[in-house]
Amino acid sequence: MSAETHAGEGAGTHTRPDAEQAEGTGTPGAVSGGAPDASGTSYIAQFRVWRGDIDGGGLEDFKVEVFEGEVVLDIVHRLQATQAPDLAVRWNCKAGKCGSCSAEINGRPRLLCMTRMSIFDRSEIITITPLRAFPVVRDLVTNVNYNYAKAREIPAFVPPQGLGPGEYRMQQEDVGRSQEFRKCIECFLCQDTCHVVRDHEENKQAFAGPRFLMRVAELDMHPLDAAEESGLDRKTTAQDEHGLGYCNITKCCTDVCPEGIKITDNALIPLKERVADRKYDPIVWLGNKIRRRT
Ligand code: SF4
Ligand code: SF4
Ligand code: FES
């Protein structure tokens with residue numbers, strides 16, 4: 001049995017669900033799993049789930065039994081098993097490592113499998129909506145192709161000339177920096193929350209988003225990357241091609257990262273500093289001026 005229940009990928013736009021403003025459109029659903037058990041280990045919670053596709057949709061209300069220790073993905077699975085067998089959701093590992101189950105819970109981008117039910121008040125209505133920055137495919141599944149397109153635009157690591165695999169030597173500090181960025185599980189929660197694209201579809205062409213600007217930063221700070229020797233200036237492309245200038249370091253991306261990567265402090269701000277150093281370095285300025293005259 002596939003661990004993933006979702007419709008095929010598709011492109012386009014949709015009527016954007018807004019968890020904080022939209023009202024539920026359905027009547028409260030039947031309670032699944034029976035009445036709360038007398039031992040107090042379960043209770044009935046109220047859920048509001050966005051259902052629909054690229055042509056539009058709305059929020060539907062459900063009441064679901066919740067057991068101690070459960071996460072929101074458990075509840076979505078119980079909904080599929082009892083009340084909404086065709087509810088589409090993308091997931092794979094249920095361990096916070098595959099990055100598939102990204103959605104918005106009460107308007108905040110989160111992993112469904114890492115969000116414990118115990119963080120919510122038992123009486124509150126829990127609203128689950130698809131990632132708002134990307135076009136919906138069906139129900140909670142969105143088309144995240146934007147991210148793959150941005151990934152393809154970033155030139156890969158350029159191996160140093162004259163060194164073979166196994167001959168690379170780096171300071172532990174440099175290794176540690178890369179390792180932090182490499183914890184990324186590509187859940188795209190940071191991409192979803194960034195205001196540059198969240199409400200501005202028109203910025204998507206020019207802006208790679210925090211996850212991929214972090215990739216540029218990682219490569220630009222990599223002591224063995226030989227991009228410059230091969231004529232590729234990662235600092236200039238970060239600014240001119242990947243939209244670094246759009247980022248105004250609000251840190252919202254860092255706030256939602258399930259891996260706790262300090263995207264803004266450790267990647268975006270250092271990259272901005274490196275771009276500024278390059279631009280305003282008097283030696284570089286003089287060199288460019290001389291080159292333009294010759
Ligand atoms: S810090 Fe930059 S990339 Fe991150 S959410 Fe804010 S504007 Fe977007
Ligand atoms: S940087 Fe964090 S939030 Fe962004 S895609 Fe990677 S793991 Fe997800
Ligand atoms: S199912 Fe893999 S991160 Fe949630």
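## A first look at the loops and ligand shells

Phe188 sits in the loop that runs between helix H3 (172-181) and helix H4 (189-193); helices here are DSSP runs of H or I with at least four residues, strands are E runs of at least two, and both are numbered from the N terminus. This is a predicted model, in which local features need pLDDT of at least 70, side-chain atom pairs count only at pLDDT 80 or more, and totals for chains, interfaces and linings use all residues. Residues are numbered from 1 along each chain as its sequence is written, while chains are lettered from A and ligands numbered from 1 in the order in which they are written.

Most residues other than glycine have a negative phi.

| Residue | Phi | C-beta neighbours inside 10 Å |
|---|---|---|
| Phe188 | near 65° | 23, buried |
| Ile249 | about 45° | 12, exposed |

Phe188 counts as buried because it has 23 such neighbours; the cut-offs are 20 or more other C-beta atoms within 10 Å for buried, 12 or fewer for exposed, and partly exposed in between, with C-beta atoms placed from the backbone. Ile249 belongs to the loop between helix H7 (234-240) and H8.

Which residues are around ligand 1? Among them are Cys194, Cys247, Ile249 and Cys252, each with its backbone-placed C-beta atom within 6 Å of the ligand. Helix H8 (252-256) and helix H9 (263-280) each give two or more residues to this shell.

Ligand 2 is surrounded by 14 residues, and the closest are Cys184, Cys187, Leu189, Cys190 and Cys257.

Overall, the protein has 10 helices and eight strands, and 34% of its 294 residues count as buried.
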